[in-house]
Structures are given as structure tokens and as C-alpha cells.
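This report treats helix packing, domain contact and the ligand shell, in that order.

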Amino acid sequence: MAATDASPVLLEVRNVTRRFGELVAVDDVSFTVTEGQVFGIAGPNGSGKSTLFNVITGIPFPPSSGAVLLRGEEIQRLRPHQISRAGILRTFQKDAEFYTLTAFENVYTSAVYCGGAVGADARRDSMQALEDVALADDRRDRPVSELSVFERKQLMIASAIAGRPKVLLLDEPAAGLTRPEVTQLADLIRTVHRRGITIVLIEHVLPLLLSVSEHLMVLNQGAVIASGTPKDVVRMPQVVEAYLGKREVSH
Ligand SMILES: Nc1ncnc2c1ncn2[C@@H]1O[C@H](COP(=O)(O)OP(=O)(O)OP(=O)(O)O)[C@@H](O)[C@H]1O
């Protein structure tokens with residue numbers, strides 16, 4: 001399900017600012033994500049990308065000012081669990097799984113606590129999510145501590161899907177992966193997208209970001225410096241200078 005110009009707005013970030021003392025980590029950022037879109041976010045280290053996810057999800061803090069709307073309803077005053085139940089789920093740069101639980105138990109926990117499913121429904125959602133990410137059958141009952149780096153990425157995404165998101169925020173999912181694994185991850189993201197889940201993707205691995213995103217926004221020092229189709233955005237002089245270190249991108 002690809003987004004079209006006529007697709008309704010699912011997520012809106014309106015004039016959002018987040019301060020830490022004197023530092024303005026997110027500076028008056030506004031954008032909209034339409035239903036079915038894969039919306040990419042790029043920017044140099046420290047440009048405010050993860051902080052933006054933090055304030056959208058309320059984990060661990062809300063914006064200092066501005067509004068976040070899901071299907072037109074303001075959510076920035078809701079508690080984090082209410083935001084996830086409303087349909088916004090995220091992944092983290094660092095592993096956030098329960099290490100001593102098995103892969104299945106992790107996904108099941110998400111199906112129950114984020115997706116609101118119970119009993120057989122939670123089990124079915126968990127099995128389906130593990131199928132979607134193609135985690136091998138014989139790995140599903142292994143503790144997370146025994147899984148490879150890529151299997152943990154599969155698990156991270158399976159846990160997110162089992163939480164029944166309307167929009168999934170992926171924070172640098174390619175970190176730590178080899179090139180072939182990045183290609184596998186791109187396929188995985190496309191699979192999630194085909195299931196009707198809108199995706200917002202923060203990523204430093206540009207080939208991945210450019211290959212899956214329909215729209216690309218670039219942050220620098222907390223502010224939006226460019227937004228448009230990935231093809232146009234990577235050629236904008238301010239992006240080349242701020243994000244790519246003054247060199248042309250070839251892709
Ligand atoms: N909890 C916090 N307290 C104080 N400063 C913070 C906090 N979280 C983030 N910052 C600061 O806000 C700025 C933006 O950080 P953020 O992690 O959002 O950047 P980023 O674009 O995600 O970086 P990276 O690509 O390295 O992950 C940085 O200067 C960071 O040090």
C-alpha cells in the first residue's frame with residue numbers, strides 16, 4: 001500500500017520544540033506523514049532525530065512545546081502507554097528486548113501490552129509477526145541472548161508489528177548490520193509496509209533510507225533544512241553541506 005497525494009494525514013508534528021536547558025535539541029519542527037507512507041529522516045549525529053521520536057512517543061519525555069496529532073487528535077499530553085495503544089510504536093537504537101525471555105515471549109509481551117490482545121489472539125498475533133519477519137522456527141523458543149544481531153532486528157520488528165501499530169517509528173534499524181543484512185532489512189521493512197503499516201525511518205545508512213523512503217526530511221541542529229522526494233533532497237546544497245560533508249552522493 002503506497003501513499004498517494006490523496007492519502008489522509010496519519011501523523012502530524014506541529015511546531016514541536018524540545019529543550020534541554022539551553023540546548024534546543026528539536027527546534028520548531030513541523031511535518032506530516034500520510035497513511036501508507038514510508039517517511040525517511042536523515043541528519044548528522046546530534047541533529048535531533050532520536051529526540052524527535054522521543055517526544056512523539058512520550059518515551060521518555062513529551063515536547064517542551066508544540067503538538068503531535070494522530071489522525072487529527074492531539075496526543076502529546078497522553079502517557080506513553082496510551083500513545084502506543086493509540087497506534088504509535090517505536091524501536092530503539094539499542095536493544096530493548098527482554099534478554100532472558102525467548103523470542104516468542106518477547107513478541108507475545110508486545111502483543112498483550114502494546115496491542116491489547118489476550119489469550120489465543122495474542123498468540124496468533126505473535127506467531128503471525130514472527131512469520132512476517134521470517135525468524136526461523138527453531139529460533140523462536142531461544143532466549144534473546146542466543147540470537148544473532150540480525151535475528152534481534154527481526155525480533156525487534158516482530159515485537160513492533162505484534163503491537164498493532166498504525167505507524168511504526170524505526171530508529172536506525174541498520175546499525176551494526178553487514179551489507180547483505182542491510183539488504184535483507186530493506187526487504188523486511190517493505191514487508192511491514194505491505195501489511196498496511198505506515199513507517200517513519202531514521203537511518204544513517206543512506207542506501208537503505210533512499211531505497212525504501214517515499215519522502216525524505218533532513219534535520220540539522222534540531223531544525224528541518226530540507227524535505228521532499230529523496231532524489232531531490234539529496235541534491236539540495238544545504239543537505240550536501242550539512243549532512244554529506246560537502247560531497248555529491250552517488251547512488
Ligand atoms: N536527555 C537528554 N538530555 C540532554 N541532552 C540531550 C538529551 N537527549 C538528547 N540530548 C542532546 O540533544 C541533541 C540531539 O540528540 P539526538 O540523540 O536527538 O540526536 P540524533 O540526531 O538522534 O543523533 P544520532 O544520529 O547520533 O543518534 C544532542 O546534542 C544530544 O546531546
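The axes of H5 (residues 149-162) and H6 (179-194) come within 11 Å and cross at roughly 10°. Helices (H or I, at least four residues) and strands (E, at least two) are DSSP runs numbered from the N terminus; axes are lines fitted to C-alpha atoms, for helices over the stretch in contact, and angles run from 0 to 180 degrees between N-to-C directions. H5 and H6 are therefore roughly parallel to each other, given that angles under 35 degrees count as roughly parallel, over 145 as roughly antiparallel, 65 to 115 as roughly perpendicular and the rest as oblique.

The model is predicted: local features need pLDDT of at least 70 and side-chain atom pairs count only at pLDDT 80 or more, whereas totals for chains, interfaces and linings use all residues. Residues are numbered from 1 along each chain as its sequence is written.

On the H5 side, Phe 150, Lys 153, Gln 154, Ile 157 and Ile 161 meet Glu 181, Gln 184, Leu 185, Leu 188 and Val 192 of H6, contact being defined by C-beta atoms, placed from the backbone, that lie within 7 Å. By class, the contact of H5 with H6 has 6 nonpolar, 2 polar and 2 charged residues. Here Ala, Val, Leu, Ile, Met, Phe, Trp, Tyr, Cys and Pro count as nonpolar, Asp, Glu, Lys and Arg as charged, and the others, Gly among them, as polar.

| Pair | Angle | Axis distance |
|---|---|---|
| H3 (residues 103-113) and H4 | about 125° | 9 Å |
| H4 (residues 119-132) and H5 | about 140° | 8 Å |

H3 and H4 are therefore oblique to each other, and H4 and H5 are therefore oblique as well. The crossing of H3 and H4 is right-handed, as is that of H4 and H5; a crossing is left-handed if the near helix is turned anticlockwise from the far one by less than a right angle, and right-handed if clockwise.

Towards H5, helix H4 presents Asp 125, Ser 126, Ala 129, Leu 130 and Asp 132, which meet Ala 158, Ile 161 and Ala 162. That contact has 5 nonpolar, 1 polar and 2 charged residues.

At the domain level, an automatic or database assignment divides the protein into domain 1 (1-87 + 165-251) and domain 2 (98-161). Their centres, taken over C-alpha atoms, are separated by 24 Å. The contact takes 14 residues from domain 1 and 11 residues from domain 2. H2 (80-86) and H6 each supply at least two residues of the side of domain 1 that touches domain 2, and H6 gives the most, with 6 residues. This side of domain 1 has 7 nonpolar, 4 polar and 3 charged residues.

Which residues surround the ligand? The shell consists of Phe 20, Leu 23, Ala 25, Gly 43, Asn 45, Gly 46, Ser 47, Gly 48, Lys 49, Ser 50 and Thr 51, a residue being near a molecule if its C-beta atom, placed from the backbone, lies within 6 Å of it. Strand E2 (23-34) and helix H1 (49-57) each supply at least two of the shell residues, and the largest share, 3 residues, comes from H1. By class, the shell has 3 nonpolar, 7 polar and 1 charged residues.

Terms used:
Two residues are in contact if their C-beta atoms, placed from the backbone, lie within 7 Å.
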